[in-house]
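Visitor: Can you walk me through this one? Keep it quick.

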Amino acid sequence: MNRLRQASLLSVVAAVLLSVTCAHPSLAADRRGSRPAQAGFSLRPPFNGTYRLTALFDHRYPNYALDGEITAYTGESVPNGSPHYYQGHSGVDWSMPVGTRILAAADGVVEVAYRTRNPDGADGPYGVIVVLRHSNNYRTLYAHLLTHTVQVGSFVSAGQVIGLSGNTGRSSGPHLHFGVYLGPCWDETRKRIYELNATDPFGWRGSYPDPLLAKPGGPRHMASCLWRSYDEDSVSCADTIVEDGGQGFSAAMEWRISDRGHGSHMHYHTITTTNKVTATWLATTTLGGAYKVYAFIPSRLATARQATYRILTANGWVQRTVNQQEHSDVWVPLGTYWLQPRQALVTLSANTGEPPASQRWVAADAIKFRSYLVFIPIITCCDGSSDLTEEANRPEP
Ligand SMILES: [Zn+2]
């Protein structure tokens with residue numbers, strides 16, 4: 001499509017969207033064809049469904065050294081001891097029950113599949129691991145597994161089961177540690193991971209050079225977001241996530257805090273009748289345009305039946321009510337909207353309109369804004385049975 005036509009189409013789309021106030025939560029569509037971050041190589045999530053993300057990658061020396069600083073892929077400097085991050089963490093962690101099927105994130109060849117041991121014979125820190133070798137010199141690591149179901153040397157396709165998640169090695173609870181490496185991953189002689197080759201599949205969004213570029217002894221690269229970003233994937237390059245307790249989040253009045261939620265963090269409050277107990281999520285790094293907005297509903301302490309989220313759209317405020325009790329550790333779509341630049345804003349009140357009950361809780365966890373650049377709704381009606389299709393593309397660099 002030529003630039004002029006695209007520009008005029010976008011303005012038509014904008015006008016259509018602005019005139020439609022009944023944006024429907026079922027706008028989900030196929031995002032296949034989204035531009036992979038790096039030509040020839042992209043990753044699917046290493047599991048089906050959604051699990052709680054518990055730790056991200058530390059861009060400042062991802063080698064577990066205690067240098068006192070953690071840098072998130074957003075460029076934020078994260079306080080030491082934050083529950084969202086580990087010092088020097090070289091991968092991404094998702095909490096999941098032991099026995100969850102773990103899938104190859106891309107086509108590849110099995111390089112390592114066994115219970116790792118230190119040179120002294122003790123269990124290695126990563127427990128049972130699988131390492132896959134992919135194109136473009138990438139490797140993926142799946143650690144703390146209960147068991148692997150593939151053999152060294154065999155070829156696996158993206159999405160193939162390679163093992164079951166576990167809690168082996170140095171692990172504080174059942175979870176998957178997923179690592180991506182640019183270059184070799186496993187040093188068979190020294191029985192250890194080449195942590196200096198670690199990269200972040202979420203890429204780098206900081207406004208200054210990625211600290212990985214200055215990593216002594218490492219491949220000195222800038223991380224690119226590698227997720228293939230299909231619409232049905234729970235992890236994507238198109239996402240901007242505002243964690244409760246993170247930058248952009250604010251809570252009015254006394255909310256309680258638990259480590260159960262997305263990013264090992266959630267706020268919760270009893271249902272009240274005052275409007276003063278509110279939570280607010282604001283992303284100021286987003287461009288203007290169409291976004292699908294999601295709320296993460298944790299599996300515990302989320303029992304409000306009428307949690308009402310308010311979303312600030314280019315056309316004013318829109319409300320979506322969610323029965324939190326019906327959802328368990330999933331991203332619940334709140335609809336797709338045209339948002340103003342640097343003003344992706346959602347609020348939630350603990351006044352849900354339900355009868356106050358001491359054991360009923362409103363949960364405020366992460367909010368996710370998933371961007372669409374080209375968005376073509378074909379709207380036939382607005383009664384909830386709308387037949388909507390859309391075409392989505394990643395923004396051009
Ligand atoms: Zn980990």
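Visitor: What kind of model is it, and how are residues numbered?

Guide: It is a predicted model: local features need pLDDT of at least 70, side-chain atom pairs count only at pLDDT 80 or more, and totals for chains, interfaces and linings use all residues. Residues are numbered from 1 along each chain as its sequence is written.

Visitor: Back to strand 20. Which strand does it join over 9 bridges?

Guide: Strand 23, residues 330–339, and the two run antiparallel. Two strands pair if DSSP finds at least two bridges between them. Strand 20 also pairs with strand 26 (residues 367–372), in the antiparallel sense, over 6 bridges.

Visitor: Which residue stands opposite Val293 in strand 26?

Guide: Phe369.

Visitor: And Lys292, buried or exposed?

Guide: Lys292 counts as buried because it has 27 C-beta neighbours inside 10 Å. Lys292 lies in strand 20, which spans residues 289–297. Its bridge partner in strand 23 is Thr336.

Visitor: New topic. What does the secondary structure of the chain come to?

Guide: 1 helix and 26 strands. The chain has 397 residues, and 44% of them count as buried.

Visitor: How much of the contact set links residues 24 or more positions apart?

Guide: Such pairs make up 69% of the contacts with a separation of 6 or more. Two residues are in contact if their C-beta atoms, placed from the backbone, lie within 7 Å.

Visitor: How many residues are in the largest nonpolar core?

Guide: 48. Ile129, Val130, Leu141 and Tyr142 have the most contacts inside it. A nonpolar core is a set of buried Ala, Val, Leu, Ile, Met, Phe, Trp, Tyr and Cys residues joined through C-beta atoms within 7 Å.

Visitor: Which elements give two or more residues to this core?

Guide: Strand 1 (52–55), strand 4 (92–95), strand 7 (123–133), strand 8 (138–148) and strand 11 (175–182). The largest share, 6 residues, comes from strand 7. Apart from this core lies another, of 42 residues, including Val346 and Tyr372.

Visitor: What does Tyr142 touch?

Guide: Leaving out residues up to four places away in sequence, Tyr142 touches Pro46, Ile102, Ile129, Val130, Ile162, Gly163, Leu176 and Phe178.

Visitor: How many bridges join strand 1 to strand 4?

Guide: 3, and those strands run antiparallel. Leu53 has Trp94 as its bridge partner in strand 4. Strand 4 also pairs with strand 11 in the antiparallel sense, over 4 bridges. There, Asp93 has His177 as its partner in strand 11.

Visitor: Last one. What is the order of the open sheet of 5 strands?

Guide: 16-19-24-21-22, with antiparallel pairing. Strand 16 (249–252) and strand 22 (316–322) are the edge strands, each pairing on one side only. Strand 21 (residues 307–313) and strand 24 (residues 344–349) are joined by 4 bridges. Tyr309 stands opposite Leu348 in strand 24.

How values were computed: Buried ≥ 20, exposed ≤ 12 C-beta atoms within 10 Å, placed from the backbone.
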